[in-house]
Amino acid sequence: MQVEDPSPGLTKWKRLFNALAHQQNKHQVGNHLVMFVNRAMKPARFVQQPEKFRRMRDGLNVAMSLAGYAVNEQGQVVHTTRETTVSGALARAKHLADTLHARGTHPQVFVYCTAELLAENYFHAVLEAVKGVAERLRQMSGLTNDGAELVNQALSTKAPIIAINGLKTETELSEQKGFANLLVGVFGAIRNPTAHAPKVVWPMPEQDALDIFALISYVHRKLDLASKV
């Protein structure tokens with residue numbers, strides 16, 4: 001774009017911001033910003049990553065809609081109706097919900113975190129979804145405890161309350177143990193940090209949230225086939 005780089009010693013995003021801000025302040029028009037978005041969002045750059053294009057486009061459109069602009073399917077900036085903050089947020093949240101539905105996410109995942117998904121609050125959506133697994137275990141087992149204690153008691157191989165298979169062979173007993181260990185890990189590695197750490201020190205990017213939702217969806221599908229002993 002032949003735009004001056006006023007701070008070459010800084011990190012990339014700061015250099016980009018300062019360069020574009022410098023042009024905006026100097027010329028008082030947004031031509032360079034539009035040019036930058038058009039070139040950065042060329043569909044040819046995302047042939048191998050179409051989901052990344054949609055995610056970036058949705059994120060841009062939340063901010064740009066407030067000024068009456070949007071990025072279209074061709075990656076070009078166009079004029080559009082000016083949106084409110086709420087409308088922009090809901091449009092962006094719809095992307096995440098659509099992505100989860102397209103992945104075939106288990107319906108139980110949405111039972112416990114719909115409000116957080118609509119606010120696109122990945123941090124608390126993940127926390128509520130994992131808490132939903134514990135609640136389902138309590139409902140299925142009749143127990144009232146939580147965390148590892150709940151899992152180990154409900155999915156015990158010696159005195160099981162919930163069985164994900166027949167528990168008759170070594171393979172089936174091993175699967176039961178592995179499933180219990182998986183759930184203990186989910187609570188320890190995902191729920192406990194998000195429950196105790198502030199959001200600002202425990203970031204939850206969208207890709208991490210999607211992967212965690214996939215894991216929780218798998219857990220619910222296993223519980224669909226489980227039986228109470």
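The structure is a predicted model, in which local features require pLDDT of at least 70 and side-chain atom pairs count only at pLDDT 80 or more, whereas totals for chains, interfaces and linings use all residues. Residues are numbered from 1 along each chain as its sequence is written, and side-chain values use heavy atoms, with hydrogens and water left out.

The chain contains 9 helices and 4 strands; helices (H or I, at least four residues) and strands (E, at least two) are DSSP runs, numbered from the N terminus. Read from the N terminus, the order of these elements is α-α-α-β-β-α-α-α-α-β-α-α-β. Of the 229 residues in the chain, 38% are buried, where buried denotes under 20% relative accessible area, exposed over 50%, and partly exposed the range in between (1.4 Å probe, protein chains only). The chain exposes about 13200 Å², of which carbon and sulfur atoms supply 56%; accessible areas come from the Shrake-Rupley method with a 1.4 Å probe, and for residues only the protein chains shown count as cover. When contacts between residues at least 6 apart in sequence are considered, 52% join residues at least 24 apart, a contact being defined by heavy atoms within 4.5 Å.

The largest nonpolar core comprises 36 residues, among which V126, L155, L183 and F213 touch the most other members. Elements contributing two or more residues to this core are α5 (107-118), α6 (122-141), α7 (147-154), α8 (170-196) and α9. The most is given by α6, with 9 residues. A second, separate core of 7 residues includes M41, F46, V71 and V77. In both cases, a nonpolar core is a set of buried Ala, Val, Leu, Ile, Met, Phe, Trp, Tyr and Cys residues joined through side-chain atoms within 4.5 Å. With neighbours within four places in sequence left aside, L155 is in contact with I162, I164, Q176, F179, A180 and L183.

Helix α9 (residues 206-224) has 19 residues, and the 27 Å from its first C-alpha to its last is close to the 27 Å expected at 1.5 Å a residue; the expected span of a helix is 1.5 Å times one less than its number of residues. Buried positions in α9 are E206, A209, L210, I212, F213, I216, S217, V219, H220, K222 and L223. For helix α3 (residues 50-65), which has 16 residues, the end C-alpha atoms are 22 Å apart, in agreement with the 22 Å span that 1.5 Å a residue should give. Burial in α3 involves F53, R57, D58, N61, V62, M64 and S65.

Just after α1, Q28 takes a positive phi of about 60 degrees, although Q28 is not a glycine. Q28 lies in the loop between α1 and α2 (31-40) and is exposed, at 58% relative accessibility. A positive phi, of about 55 degrees, also occurs at Q2, which is not a glycine. Q2 is placed in the segment before α1 (12-27) and is exposed, with a relative accessible area of 86%.

The loop between β1 (69-71) and β2 (77-79) contains N72, which is buried at a relative accessible area of 19%. The side chain of N72 reaches the backbone nitrogen of Q74 at 2.9 Å and the backbone nitrogen of Q76 at 2.9 Å. Residues up to four places away in sequence not being counted, N72 touches F53, R57 and V78. A70, in strand β1, is buried at 16% relative accessibility. Apart from neighbours within four places in sequence, A70 is in contact with N61, M64, Q76, V77, V78 and T80. A70 and R82, 12 residues apart in sequence, have a C-alpha to C-alpha separation of 9.4 Å.

How values were computed:
Polar contact = N/O pair within 3.5 Å; in protein donor to acceptor, adjacent residues only side chain to side chain.
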